[in-house]
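Please look over the sequence and the 3D view below before reading on.

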Amino acid sequence: MLELRDIRAAYGKIEVLHGLDLTVAAGEIITVIGANGAGKSTLLKAISGLVKLSGGSIALDGERLDTLSVEQVVSRRLIQVPEGRQLFGPLTVAENLALGSYSRRRKGTPVTERLKKVFALFPRLEERKGQQAGTLSGGEQQMLAIGRALMAEPRILLLDEPSMGLAPIIVRDIFATLRTLNQEGLTMVLVEQDARIALSLAHRGLVMERGRIVLADTSQGLLANPEVQAIYFGQRAGGRAGAGSGGGR
Ligand SMILES: Nc1ncnc2c1ncn2[C@@H]1O[C@H](COP(=O)(O)OP(=O)(O)OP(=O)(O)O)[C@@H](O)[C@H]1O
Ligand SMILES: [Mg+2]
């Protein structure tokens, strides 16, 4: 469905993506994990057209995407939930959701139906539909950011650190909703620093380090990988990092 070939991207003269390959099949959740500054957000921005490639190509169902404008990419229903949510703070929840539907206001499911669907997934948003987005809690803002993206009826949802700054219980809630959406057929590319929860949701994962993909495997494979455990799973269980219980590999 989505195919990235040897993509490169730079800010000014500094290249931060050094030739990445990635294919995403319809219905898949791919997660990209990696430390701060690895280039994860840049990768998502390259897919959504916010960052132009300096090499390589991106195609969606065979159509070149990297030569299109951001608006044209959105119209192909590749929709990004940005890092830091980027809501319109002074506008209400309902107004933010309405803006999400704008790129597809005359096509697809009627907007009122989409709104119902979003409110069914996130009842908290319905309770707060008249509230200014800027006054929502962090978890509610993340729900709104995802809800707003869903209003565009994505075929592929690009998520940048949906767990950021949220309590574990809210994160579990949001990830459960993402799982539901995937079971309904939505394809996702999920960038996360919380490797454990990301791999528990995704089918496959990539590990990025300094602008390169250094590991790619099924989620089970990565979860069982001692190196991944040591570097990305923090100091749980008394920091037996790399002790290598082994698991599936
Ligand atoms: N607008 C920009 N201008 C210049 N350099 C940038 C810009 N955005 C990102 N970078 C640099 O590109 C590199 C990759 O950044 P990116 O935001 O993609 O990393 P990340 O993996 O998403 O990190 P984090 O986990 O902290 O969000 C970093 O070295 C960063 O400083
Ligand atoms: Mg980032």
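In this predicted model, five of the six residues of strand β9 are buried, so the strand is largely enclosed by the rest of the structure. The points below take up the sheet that holds β9, then the residue Met208 within this strand, and finally the residues that surround ligand 1.

**The sheet and its order**

- Strand β9 belongs to an open sheet of six strands, which are arranged in the order β6-β7-β8-β3-β9-β10 and show mixed pairing.
- The edges of this sheet are formed by β6 (78-81) and β10 (212-218), each of which pairs on one side only.
- On average, and with direction ignored, neighbouring strands of the sheet are turned by 15 degrees against each other.

**The two partners of β9**

- On one side, β9 runs parallel to strand β3 (residues 29-34), and the two are joined by five bridges.
- Within this pairing, Ile30 stands opposite Arg204 of β9, while Thr31 stands opposite Gly205 of β9.
- With β10, in contrast, the direction is antiparallel, and six bridges join β9 to this strand.
- Here Leu206 stands opposite Ala216, which lies in β10.
- β9 and β10 form a hairpin that has two residues between the strands, and Arg210, which sits in the turn, has a positive phi of about 40 degrees.

**Met208, a residue within β9**

- Met208 is located in strand β9, which covers residues 204-209.
- Is Met208 buried or exposed? Because 23 C-beta neighbours lie inside 10 Å, Met208 counts as buried, the cut-off for this class being 20 or more.
- Leaving aside its neighbours within four places in sequence, Met208 is in contact with Val32, Gly34, Ala38, Gly39, Lys40 and Ile213.
- Ala59 and Met208 are 149 residues apart in sequence, and their C-alpha atoms are 21 Å apart in space.

**The surroundings of ligand 1**

- Which residues surround ligand 1? The shell is made up of Tyr11, Val16, Gly34, Asn36, Gly37, Ala38, Gly39, Lys40, Ser41, Thr42, Glu83 and Gln193.
- Sorted by class, this shell around ligand 1 has three nonpolar, seven polar and two charged residues.
- Helix α1 (residues 40-48) gives the most to the shell, with three residues.

Notes:
Residues are numbered from 1 along each chain as its sequence is written. Chains are lettered from A and ligands numbered from 1 in the order in which they are written. This is a predicted model: local features need pLDDT of at least 70, side-chain atom pairs count only at pLDDT 80 or more; totals for chains, interfaces and linings use all residues. Helices (H or I, at least four residues) and strands (E, at least two) are DSSP runs, numbered from the N terminus. A residue is buried if 20 or more other C-beta atoms lie within 10 Å of its own, exposed if 12 or fewer, and partly exposed in between; C-beta atoms are placed from the backbone. Two residues are in contact if their C-beta atoms, placed from the backbone, lie within 7 Å. A residue is near a molecule or strand if its C-beta atom, placed from the backbone, lies within 6 Å of it. Ala, Val, Leu, Ile, Met, Phe, Trp, Tyr, Cys and Pro count as nonpolar, Asp, Glu, Lys and Arg as charged, and the others, Gly among them, as polar. Two strands pair if DSSP finds at least two bridges between them. Axes are lines fitted to C-alpha atoms, for helices over the stretch in contact, and angles run from 0 to 180 degrees between N-to-C directions.
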